[in-house]
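Open the model in your viewer and keep the sequence panel beside it. Each stop below gives a selection, then what is there.

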Amino acid sequence: MSTSAGAAGQPARKPNRAGTGQGAANPAARDGGTESRERVVGREKEQFGGVKIGSAFFGWLAAAGTTVLLSAIATAFGAALLANNVDAAGEAAANPQGAGVAGVILLMVILFVAYFCGGYVAGRMARFNGVMQGVAVWIWGIVIALVLALIGAVASSELDINAQLNTYPQLSGDNTAAAVISAVIAALVALGGAVLGGLAGMRFHRRVDKAGLGD
């Protein structure tokens with residue numbers, strides 16, 4: 001009489017393949033399931049890290065849109081509180097040396113917040129290298145501003161989109177040193193906001209990794 005498991009009416013046991021297949025392919029399994037979160041994230045960063053040009057571009061789009069939105073809100077508040085329709089940020093961008101201190105400060109705040117949002121979008125999309133993503137957003141802003149300025153200079157003032165976006169103080173042939181300094185400060189403020197935003201977007205993923213992979 002057969003003494004096999006099938007003859008006894010019990011289902012035959014499948015062979016244990018824990019040592020082969022998925023278990024062997026999983027680095028955590030090879031290490032006894034004790035692979036640290038730092039090693040997992042490091043391996044992911046090695047494969048998927050680096051500057052993501054596409055993420056940075058979408059970050060710049062977010063920064064440009066936020067700039068327009070905040071400028072419109074500032075103008076609306078100025079009209080409601082000061083009974084006028086003066087675009088302080090726009091005047092500070094168009095004529096930095098002639099604008100008041102409040103207008104210049106408002107422009108800097110708008111640039112910082114807008115590029116923080118842009119850096120955050122790029123950092124969240126790219127997941128790694130938050131500082132580099134923020135710098136890439138800022139570079140996109142500089143490059144596009146230069147291209148639009150060139151198009152406006154060659155075509156006509158009607159195509160000067162930079163003046164409508166209020167992205168940076170506008171420079172022309174008769175600008176003074178104060179205007180150049182204002183443009184440099186505005187660029188540095190935007191860069192600082194983009195870098196901090198990129199770090200914030202990246203740190204969101206680190207919190208997710210910590211929750212999923214533990215310490």
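Is H205 buried or exposed? Select H205 and check. H205 counts as buried because its relative accessible area is 15%, and the cut-off for buried is under 20%. Bear in mind throughout that this is a predicted model.

**Stop 1: around H205**

Keep H205 selected. H205 sits in helix α9, which spans residues 177-213. Focus on R124. Its backbone oxygen is 2.7 Å from a polar atom of the H205 side chain. Draw the C-alpha to C-alpha distance between H205 and R124 as well: 7.3 Å in space, for a pair 81 residues apart in sequence.

**Stop 2: the whole chain**

Zoom out and colour by secondary structure. How many helices and strands does the protein have? There are nine helices and zero strands. Read along the sequence, the pattern is α-α-α-α-α-α-α-α-α. Switch to a surface view. The protein exposes about 12,600 Å², and carbon and sulfur atoms supply 66% of that area. Colour by burial next: of the 215 residues, 33% are buried. Among contacts with a separation of 6 or more, 71% join residues 24 or more positions apart.

**Stop 3: the loop between α6 and α7**

Select R127 and N129. R127 is in the loop between α6 and α7, and N129 is in that loop too. Check the backbone torsions. R127 is not a glycine, yet its phi is positive, about 80°. N129 is not a glycine either, and its phi is positive at about 55°. R127 counts as partly exposed because its relative accessibility is 27%. N129 counts as buried because its value is 15%.

**Stop 4: Q133**

Move on to helix α7, residues 130-154, and select Q133 there. Is this glutamine, Q133, buried or exposed? Q133 is buried, because its relative accessibility is 0%. Show what surrounds the residue. Not counting residues up to four places away in sequence, Q133 touches G50, V51, K52, A56, A122, G123, A126 and F128.

**Stop 5: along α7 to I142**

Stay on helix α7 and select I142. I142 is partly exposed, because its relative accessible area is 27%.

**Stop 6: G59 and T66 in α4**

Jump to helix α4, residues 53-82, where T66 lies. G59 is in helix α4 as well. Start with G59. At a relative accessible area of 0%, G59 is buried. Which residues does G59 contact, leaving aside neighbours within four places in sequence? They are G118, V121, A122 and V137. Then pair G59 with F116: 57 residues apart in sequence, 9.3 Å apart C-alpha to C-alpha.

Next, select T66. T66 counts as buried at 17% relative accessibility. Beyond its neighbours within four places in sequence, T66 is in contact with A114 and C117.

**Stop 7: the largest nonpolar core**

Select W60, L111, Y115, V137 and W138. These residues have the most contacts inside the largest nonpolar core, which has 18 residues. Which elements give two or more residues to this core? They are α4, α6, α7 and α9.

**Stop 8: a nonpolar patch on the surface**

Select I105, V109, F112, V113 and L196. They form a nonpolar patch on the surface, with about 400 Å² of accessible area together. Helix α6, residues 101-126, supplies the largest share of the patch, four residues. I105 is in that helix, α6.

Note on methods: Residues are numbered from 1 along each chain as its sequence is written. This is a predicted model: local features need pLDDT of at least 70, side-chain atom pairs count only at pLDDT 80 or more; totals for chains, interfaces and linings use all residues. Side-chain values use heavy atoms; hydrogens and water are left out. Buried means under 20% relative accessible area, exposed over 50%, partly exposed in between (1.4 Å probe, protein chains only). Contact means heavy atoms within 4.5 Å. Accessible areas come from the Shrake-Rupley method with a 1.4 Å probe; for residues, only the protein chains shown count as cover. Patches are made of residues with over 30% relative accessible area and no salt bridge: like charges are joined within 9 Å, nonpolar side chains (Val, Leu, Ile, Met, Phe, Trp, Tyr) within 5 Å. A salt bridge is a side-chain nitrogen of Lys or Arg within 4 Å of a carboxyl oxygen of Asp or Glu. A polar contact is a pair of N or O atoms within 3.5 Å; within protein, one must be able to donate a hydrogen and the other to accept it, and residues adjacent in sequence count only if both atoms are side-chain atoms. A nonpolar core is a set of buried Ala, Val, Leu, Ile, Met, Phe, Trp, Tyr and Cys residues joined through side-chain atoms within 4.5 Å.
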